[in-house]
Amino acid sequence: MRDWTATAEAYDRSFATLCDGAAAPLLAELPEGPLLDVGCGTGRLAARAERAGRTVTALDADESMVEAARARLYGQVLRAELPDLPLPDARASAIAANFVINHVGRPRAALAELRRVLRPGGRLAMTIWHAGGASWSAMLGEVFDEAGAVLPAPERLPVDEDFDRSADGLAGLASEARFEVRGACDLHWDWRIRPEDLWAGLEAGIATPGAVVRAQTPQVRARIREVFAARTGELADSGGILSFPVRAASALAARPLDEEA
């Protein structure tokens with residue numbers, strides 16, 4: 001899957017603010033008390049949980065993300081990557097996995113590992129992006145087209161590893177991993193971001209659009225920057241802020257209470 005190494009600062013300015021839109025409803029689904037945040041990124045969700053009085057252990061696969069999260073959080077932050085977590089069986093009573101399952105190469109193994117570290121009766125709240133793109137992604141697609149960018153081949157999981165990128169698909173994945181599914185729904189919010197912060201993420205190669213920018217020649221990248229500035233200048237409000245409607249899929253699952261730890 002995509003390499004996020006050394007992108008923490010640009011990610012925190014850009015796409016972390018997008019993912020943060022799901023943090024509050026995700027945390028609201030989990031019981032009070034200690035939280036395990038898997039795929040914590042720069043620690044925004046974990047910091048929100050700490051401000052609410054929770055004790056948090058956070059994990060991420062990328063060292064730069066771990067360093068950024070350590071600077072933001074009071075709790076322990078570990079470098080670890082699904083599906084191999086350095087945690088004992090049945091350790092956690094509440095796990096958050098905010099936009100993590102859509103980034104791992106083996107989603108079923110990842111869910112099995114999360115189930116292993118969850119206590120019987122514990123809950124897992126997770127989100128993924130829907131298939132088919134979003135309004136901000138469509139805007140960037142128009143920018144790339146006008147700039148003459150050559151699009152790299154999309155990353156796809158093997159057929160036997162992939163799953164339907166929807167709330168029902170995420171719930172089905174949890175059921176396959178022998179979780180009890182307690183609910184699945186779509187989340188909606190508006191992503192508000194300054195053009196310069198969005199560009200910071202693209203320039204750093206973050207997410208699929210960032211990979212497109214990084215794959216171009218210097219001349220085409222300069223043209224993308226020019227078209228991006230013009231297009232976002234048209235779309236920004238009087239305060240210079242872009243606003244995009246966002247939709248994500250969410251699922252809440254539990255490890256059966258009558259199961260042995």
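Phe99 sits in the loop between strand S4 and helix H6 (107-117). Helices (H or I, at least four residues) and strands (E, at least two) are DSSP runs, numbered from the N terminus. Phe99 is not a glycine, yet its phi is positive, about 55°. With a relative accessible area of 4%, Phe99 is buried. Buried means under 20% relative accessible area, exposed over 50%, and partly exposed in between (1.4 Å probe, protein chains only).

This is a predicted model, in which local features need pLDDT of at least 70, side-chain atom pairs count only at pLDDT 80 or more, and totals for chains, interfaces and linings use all residues. Residues are numbered from 1 along each chain as its sequence is written, and side-chain values use heavy atoms, with hydrogens and water left out.

## Confidence

The mean pLDDT of the chain (the predictor's confidence in each residue, from 0 to 100) is 94. Of its residues, 97% reach 70 or more. Residues 1-5 have pLDDT below 50. That stretch has 20 contacts in the model beyond near neighbours in sequence; contact means heavy atoms within 4.5 Å. Where pLDDT is low, the predicted coordinates should not be read in detail.

## Helix H7

H7 covers residues 135-147. Its 13 residues, at 1.5 Å a residue, should span 18 Å, and the end C-alpha atoms are 19 Å apart, which agrees. The expected span is 1.5 Å times one less than the number of residues.

Which residues of H7 are buried? They are Trp136, Met139, Leu140, Val143, Phe144 and Ala147. These cover an arc of only 140° around the axis, so they lie on the same side of H7. The arc is that of the directions from the helix axis to the C-beta atoms. The cover over them includes helix H2 (15-19), strand S6 (180-193), helix H9 (195-203), helix H10 (207-214), helix H11 (218-235) and strand S7 (242-254). Just after H7, Gly148 takes a positive phi of about 75°.

## The cores

A nonpolar core is a set of buried Ala, Val, Leu, Ile, Met, Phe, Trp, Tyr and Cys residues joined through side-chain atoms within 4.5 Å. The largest one has 37 residues. Phe15, Trp189, Trp191, Leu198, Leu202 and Ile224 have the most contacts inside it. Helix H1 (8-13), H2, H7, S6, H9, H10, H11 and S7 each supply at least two residues of this core. H7 gives the most, with six residues. Another core, of 32 residues, lies apart from it; Ala80, Ile95, Leu111 and Val117 are among its members.

H9 is largely enclosed by the rest of the structure, because seven of its nine residues are buried. They are Pro195, Asp197, Leu198, Trp199, Ala200, Gly201 and Leu202. Leu202 touches Phe15, Leu140, Pro209, Gly210, Val213 and Phe228, not counting residues up to four places away in sequence. H9 is followed by Gly205, with a positive phi near 80°.

## Aromatic pairs

The structure holds seven aromatic pairs. Rings of Phe, Tyr and Trp (its six-membered ring) pair if their centres lie within 6.5 Å; planes under 30 degrees apart count as stacked, over 60 as edge-to-face and the rest as tilted. Two of the pairs involve Trp191.

| Pair | Centre to centre | Angle between planes | Class |
|---|---|---|---|
| Phe15 and Trp191 | 5.8 Å | 35° | tilted |
| Trp136 and Trp191 | 5.7 Å | 80° | edge-to-face |

Phe15 lies in H2 and Trp191 in S6, so their pair ties together parts 176 residues apart in sequence. Trp136 lies in H7, so its pair with Trp191 ties together parts 55 residues apart in sequence. Phe15 is buried at 4% relative accessibility. Trp191 is buried at 1%, and Trp136 at 11%. Ring pairs link Phe15, Trp136, Trp191 and Phe244 into a cluster.

## Loop sites

Most residues other than glycine have a negative phi, and most peptide bonds are trans. Arg178 is not a glycine, but its phi is positive, near 70°. Arg178 lies in the loop between helix H8 (167-176) and S6. At 54% relative accessibility, Arg178 is exposed.

The peptide bond from Leu82 to Pro83 is cis, with omega near 10°. Pro83 is in the loop between strand S3 (77-79) and strand S4 (92-98).

Pro34 occupies the loop between helix H3 (23-28) and strand S1 (35-38). Is Pro34 buried or exposed? At 52% relative accessibility, Pro34 counts as exposed. Leaving aside neighbours within four places in sequence, Pro34 is in contact with Arg54, Thr55, Ser93 and Ala94. The C-alpha atoms of Pro34 and Ala92 are separated by 7.6 Å, though 58 residues apart along the chain.
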